Amino acid sequence: EKRVPIVSRLAVTPAQGYAIVGSDEVRPQTVRVIGARDVLDSLKAVPTETVEIGSVKESVDRIVALSDTLSNLITIPDAPKVRVRIGVQAVGERTVAGVPVVIDAVPPDREVIVIPSTASVTLRGGVERLARVEPGSVHVHIPYDAHLFDTARTLEPKVEVPQGMSFLTTEPARFRLIQRRRAVAPTSSTAGVRRTAKGGSHATP
(Lines give C-alpha, C1' and ligand atoms only; values in the text may rest on other atoms or scores of the structure.)
Protein backbone atom coordinates (compact mmCIF):
# COMPACT_ATOMS: atom_id res chain seq x y z
CA GLU A 1 0.00 0.00 0.00
CA LYS A 2 0.98 3.67 -0.29
CA ARG A 3 -0.43 7.17 -0.17
CA VAL A 4 -0.91 9.13 -3.39
CA PRO A 5 -2.17 12.66 -4.16
CA ILE A 6 -5.80 13.31 -5.05
CA VAL A 7 -6.28 15.23 -8.30
CA SER A 8 -9.41 17.30 -8.80
CA ARG A 9 -11.44 16.90 -11.99
CA LEU A 10 -13.88 19.62 -11.04
CA ALA A 11 -13.96 21.80 -14.17
CA VAL A 12 -15.21 25.36 -13.71
CA THR A 13 -15.88 27.79 -16.57
CA PRO A 14 -16.20 31.39 -15.32
CA ALA A 15 -18.87 33.70 -16.73
CA GLN A 16 -17.76 36.58 -18.94
CA GLY A 17 -15.91 39.18 -16.88
CA TYR A 18 -14.89 36.63 -14.24
CA ALA A 19 -11.76 34.51 -13.79
CA ILE A 20 -10.39 31.61 -11.76
CA VAL A 21 -7.91 32.84 -9.16
CA GLY A 22 -5.26 30.71 -7.52
CA SER A 23 -5.06 26.93 -7.54
CA ASP A 24 -7.65 24.31 -6.66
CA GLU A 25 -7.86 23.56 -2.93
CA VAL A 26 -8.33 19.83 -2.38
CA ARG A 27 -9.08 18.25 1.02
CA PRO A 28 -7.87 15.68 1.86
CA GLN A 29 -4.80 16.04 -0.35
CA THR A 30 -3.83 12.34 -0.31
CA VAL A 31 -5.47 8.94 0.00
CA ARG A 32 -4.28 5.45 1.01
CA VAL A 33 -4.47 2.82 -1.74
CA ILE A 34 -3.82 -0.93 -1.76
CA GLY A 35 -2.86 -3.01 -4.78
CA ALA A 36 -0.22 -5.06 -6.54
CA ARG A 37 3.32 -3.68 -6.29
CA ASP A 38 3.70 -3.10 -10.03
CA VAL A 39 0.40 -1.20 -10.11
CA LEU A 40 1.32 0.95 -7.12
CA ASP A 41 4.76 1.70 -8.56
CA SER A 42 3.15 3.24 -11.64
CA LEU A 43 0.29 4.97 -9.80
CA LYS A 44 1.02 8.68 -9.36
CA ALA A 45 -2.40 10.03 -8.28
CA VAL A 46 -6.08 9.21 -7.89
CA PRO A 47 -8.59 11.50 -9.65
CA THR A 48 -12.00 12.61 -8.48
CA GLU A 49 -15.09 12.14 -10.58
CA THR A 50 -15.43 14.61 -13.44
CA VAL A 51 -17.85 17.44 -12.70
CA GLU A 52 -18.37 20.43 -15.00
CA ILE A 53 -19.92 23.74 -13.94
CA GLY A 54 -20.39 26.65 -16.36
CA SER A 55 -21.10 30.40 -16.23
CA VAL A 56 -19.71 30.70 -12.71
CA LYS A 57 -19.68 34.11 -10.99
CA GLU A 58 -18.47 33.13 -7.52
CA SER A 59 -16.11 30.68 -5.86
CA VAL A 60 -17.16 27.03 -6.04
CA ASP A 61 -17.02 24.74 -2.99
CA ARG A 62 -18.10 21.20 -3.90
CA ILE A 63 -17.94 17.71 -2.39
CA VAL A 64 -17.00 15.13 -5.04
CA ALA A 65 -16.36 11.41 -4.96
CA LEU A 66 -13.18 9.68 -6.06
CA SER A 67 -13.29 8.19 -9.54
CA ASP A 68 -13.93 4.43 -9.72
CA THR A 69 -12.05 3.95 -12.99
CA LEU A 70 -9.21 2.19 -11.14
CA SER A 71 -11.43 -0.02 -8.96
CA ASN A 72 -10.33 -3.19 -10.78
CA LEU A 73 -6.67 -2.45 -9.99
CA ILE A 74 -6.60 -0.84 -6.56
CA THR A 75 -8.59 -0.78 -3.34
CA ILE A 76 -9.18 2.45 -1.42
CA PRO A 77 -10.09 1.66 2.20
CA ASP A 78 -12.64 4.11 3.62
CA ALA A 79 -12.63 6.19 0.43
CA PRO A 80 -13.21 9.78 1.50
CA LYS A 81 -15.52 12.36 0.02
CA VAL A 82 -13.26 15.04 -1.39
CA ARG A 83 -13.86 18.74 -0.85
CA VAL A 84 -12.70 20.93 -3.74
CA ARG A 85 -12.68 24.71 -3.70
CA ILE A 86 -12.00 26.83 -6.78
CA GLY A 87 -11.76 30.59 -6.40
CA VAL A 88 -13.69 32.70 -8.91
CA GLN A 89 -13.71 36.51 -8.83
CA ALA A 90 -14.78 39.39 -11.01
CA VAL A 91 -11.88 40.58 -13.16
CA GLY A 92 -10.47 44.04 -12.55
CA GLU A 93 -7.38 46.14 -13.18
CA ARG A 94 -5.09 48.04 -10.85
CA THR A 95 -2.10 50.30 -11.43
CA VAL A 96 0.79 50.14 -8.95
CA ALA A 97 2.84 53.35 -9.14
CA GLY A 98 6.40 54.11 -8.10
CA VAL A 99 7.90 50.66 -8.72
CA PRO A 100 11.74 50.98 -8.80
CA VAL A 101 13.43 49.91 -12.03
CA VAL A 102 16.40 47.70 -11.12
CA ILE A 103 19.37 46.84 -13.36
CA ASP A 104 20.48 43.25 -12.74
CA ALA A 105 24.13 42.20 -12.38
CA VAL A 106 25.85 45.54 -13.06
CA PRO A 107 29.67 45.06 -13.06
CA PRO A 108 31.51 46.78 -10.18
CA ASP A 109 33.31 49.16 -12.56
CA ARG A 110 30.08 50.34 -14.21
CA GLU A 111 27.27 52.66 -13.20
CA VAL A 112 23.90 52.66 -14.95
CA ILE A 113 21.37 55.45 -14.61
CA VAL A 114 17.75 54.64 -15.53
CA ILE A 115 15.45 57.41 -16.79
CA PRO A 116 12.89 57.48 -15.31
CA SER A 117 13.92 55.50 -12.23
CA THR A 118 10.42 54.18 -11.44
CA ALA A 119 7.50 52.69 -13.38
CA SER A 120 3.75 52.41 -13.05
CA VAL A 121 2.61 48.80 -13.60
CA THR A 122 -0.96 47.89 -14.53
CA LEU A 123 -2.16 44.44 -13.41
CA ARG A 124 -5.24 42.37 -14.17
CA GLY A 125 -6.77 39.75 -11.92
CA GLY A 126 -9.52 38.98 -9.44
CA VAL A 127 -10.68 42.17 -7.72
CA GLU A 128 -10.23 40.76 -4.21
CA ARG A 129 -6.67 39.68 -4.94
CA LEU A 130 -5.87 42.99 -6.63
CA ALA A 131 -6.94 44.81 -3.48
CA ARG A 132 -4.41 42.79 -1.45
CA VAL A 133 -1.43 43.29 -3.78
CA GLU A 134 1.50 44.91 -1.94
CA PRO A 135 3.60 47.37 -4.01
CA GLY A 136 6.75 45.48 -2.96
CA SER A 137 5.48 42.30 -4.65
CA VAL A 138 5.73 43.89 -8.12
CA HIS A 139 9.23 43.99 -9.65
CA VAL A 140 10.55 45.78 -12.73
CA HIS A 141 14.08 44.96 -13.88
CA ILE A 142 16.41 45.10 -16.88
CA PRO A 143 19.23 42.51 -17.20
CA TYR A 144 22.64 44.14 -17.72
CA ASP A 145 24.04 43.80 -21.23
CA ALA A 146 27.13 45.91 -22.00
CA HIS A 147 26.70 45.86 -25.79
CA LEU A 148 22.96 46.48 -25.66
CA PHE A 149 23.34 49.31 -23.18
CA ASP A 150 25.89 51.01 -25.47
CA THR A 151 23.81 50.72 -28.65
CA ALA A 152 20.14 50.87 -27.66
CA ARG A 153 18.51 54.24 -27.02
CA THR A 154 15.76 52.73 -24.87
CA LEU A 155 14.96 49.26 -23.51
CA GLU A 156 11.80 47.43 -22.51
CA PRO A 157 11.90 45.99 -18.96
CA LYS A 158 10.94 42.60 -17.58
CA VAL A 159 8.07 42.61 -15.08
CA GLU A 160 7.32 40.12 -12.30
CA VAL A 161 3.88 40.16 -10.66
CA PRO A 162 2.26 38.08 -7.89
CA GLN A 163 0.93 34.63 -8.73
CA GLY A 164 -2.58 34.76 -10.12
CA MET A 165 -2.06 38.23 -11.60
CA SER A 166 -1.32 39.10 -15.23
CA PHE A 167 0.81 42.04 -16.31
CA LEU A 168 -0.75 44.43 -18.82
CA THR A 169 1.51 47.48 -19.29
CA THR A 170 4.21 49.64 -17.77
CA GLU A 171 4.28 53.40 -17.97
CA PRO A 172 6.56 54.27 -19.61
CA ALA A 173 6.87 51.18 -21.82
CA ARG A 174 10.61 51.72 -22.42
CA PHE A 175 13.41 53.28 -20.38
CA ARG A 176 16.46 55.33 -21.28
CA LEU A 177 19.78 54.09 -19.90
CA ILE A 178 23.03 55.97 -19.35
CA GLN A 179 26.08 53.77 -18.77
CA ARG A 180 29.42 55.09 -17.51
CA ARG A 181 32.55 53.89 -15.78
CA ARG A 182 32.80 54.37 -12.06
CA ALA A 183 35.57 56.65 -10.79
CA VAL A 184 38.50 54.61 -9.45
CA ALA A 185 39.46 55.51 -5.89
CA PRO A 186 43.21 56.21 -5.24
CA THR A 187 45.15 53.17 -4.06
CA SER A 188 47.06 53.15 -0.77
CA SER A 189 50.38 53.23 -2.66
CA THR A 190 49.58 56.57 -4.34
CA ALA A 191 47.28 58.28 -1.88
CA GLY A 192 50.09 59.91 0.15
CA VAL A 193 52.41 60.95 -2.73
CA ARG A 194 52.62 64.50 -4.21
CA ARG A 195 54.83 66.06 -6.87
CA THR A 196 57.65 68.48 -5.91
CA ALA A 197 58.55 71.66 -7.79
CA LYS A 198 61.55 69.91 -9.45
CA GLY A 199 59.47 67.04 -10.70
CA GLY A 200 60.36 64.63 -7.93
CA SER A 201 57.97 63.25 -5.41
CA HIS A 202 57.91 62.56 -1.74
CA ALA A 203 55.45 61.16 0.72
CA THR A 204 53.08 63.56 2.39
CA PRO A 205 53.26 63.19 6.16
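Student: Leaving aside neighbours within four places in sequence, which residues is isoleucine 6 in contact with in this predicted model?
Tutor: Start with its place: isoleucine 6 sits in strand β1, residues 2–7. Contact here means heavy atoms within 4.5 Å. With neighbours within four places in sequence set aside, the contacts are Val26, Pro28, Gln29, Thr30, Val31, Val46, Thr48, Leu66 and Val82.

Student: Is isoleucine 6 buried or exposed?
Tutor: Residues under 20% relative accessible area count as buried. Isoleucine 6 has 7% relative accessibility, so the word is buried.

Student: How many Å apart in space are isoleucine 6 and threonine 48, C-alpha to C-alpha?
Tutor: Threonine 48 is among the contacts of isoleucine 6. In sequence, the two are 42 residues apart. In space, C-alpha to C-alpha, the value is 7.1 Å.

Student: Which residue in β8 is the bridge partner of isoleucine 34?
Tutor: Look at strand β4, residues 30–35. β4 pairs with β8 in the antiparallel sense, over 2 bridges. In β8, the partner of isoleucine 34 is threonine 75.

Student: Why is one side of β10 and of β13 left without a neighbour in the sheet?
Tutor: The open sheet here has 3 strands, in the order β10-β16-β13, and its pairing is antiparallel. β10 (110–115) and β13 (154–155) stand at the edges. One side of each has no neighbour in the sheet because each has a single partner strand.

Student: In β16, which residue is the bridge partner of valine 114?
Tutor: Strand β16 covers residues 175–181. β10 and β16 pair in the antiparallel sense over 6 bridges. In β16, the partner of valine 114 is leucine 177.

Student: What kind of aromatic pair do tyrosine 144 and phenylalanine 149 form?
Tutor: A search of the whole structure finds 1 aromatic pair. The ring centres of tyrosine 144 and phenylalanine 149 are 5.0 Å apart. Planes over 60 degrees apart count as edge-to-face. The planes of tyrosine 144 and phenylalanine 149 stand at 75°, so the pair is edge-to-face.

Student: Are tyrosine 144 and phenylalanine 149 buried or exposed?
Tutor: The cut-off for buried is under 20% relative accessible area. Tyrosine 144 has 18% relative accessibility, so it counts as buried. Phenylalanine 149, at 5%, also counts as buried.

Conventions
Residues are numbered from 1 along each chain as its sequence is written. This is a predicted model: local features need pLDDT of at least 70, side-chain atom pairs count only at pLDDT 80 or more; totals for chains, interfaces and linings use all residues. Side-chain values use heavy atoms; hydrogens and water are left out. Rings of Phe, Tyr and Trp (its six-membered ring) pair if their centres lie within 6.5 Å; planes under 30 degrees apart count as stacked, over 60 as edge-to-face and the rest as tilted. Buried means under 20% relative accessible area, exposed over 50%, partly exposed in between (1.4 Å probe, protein chains only). Two strands pair if DSSP finds at least two bridges between them. Helices (H or I, at least four residues) and strands (E, at least two) are DSSP runs, numbered from the N terminus.
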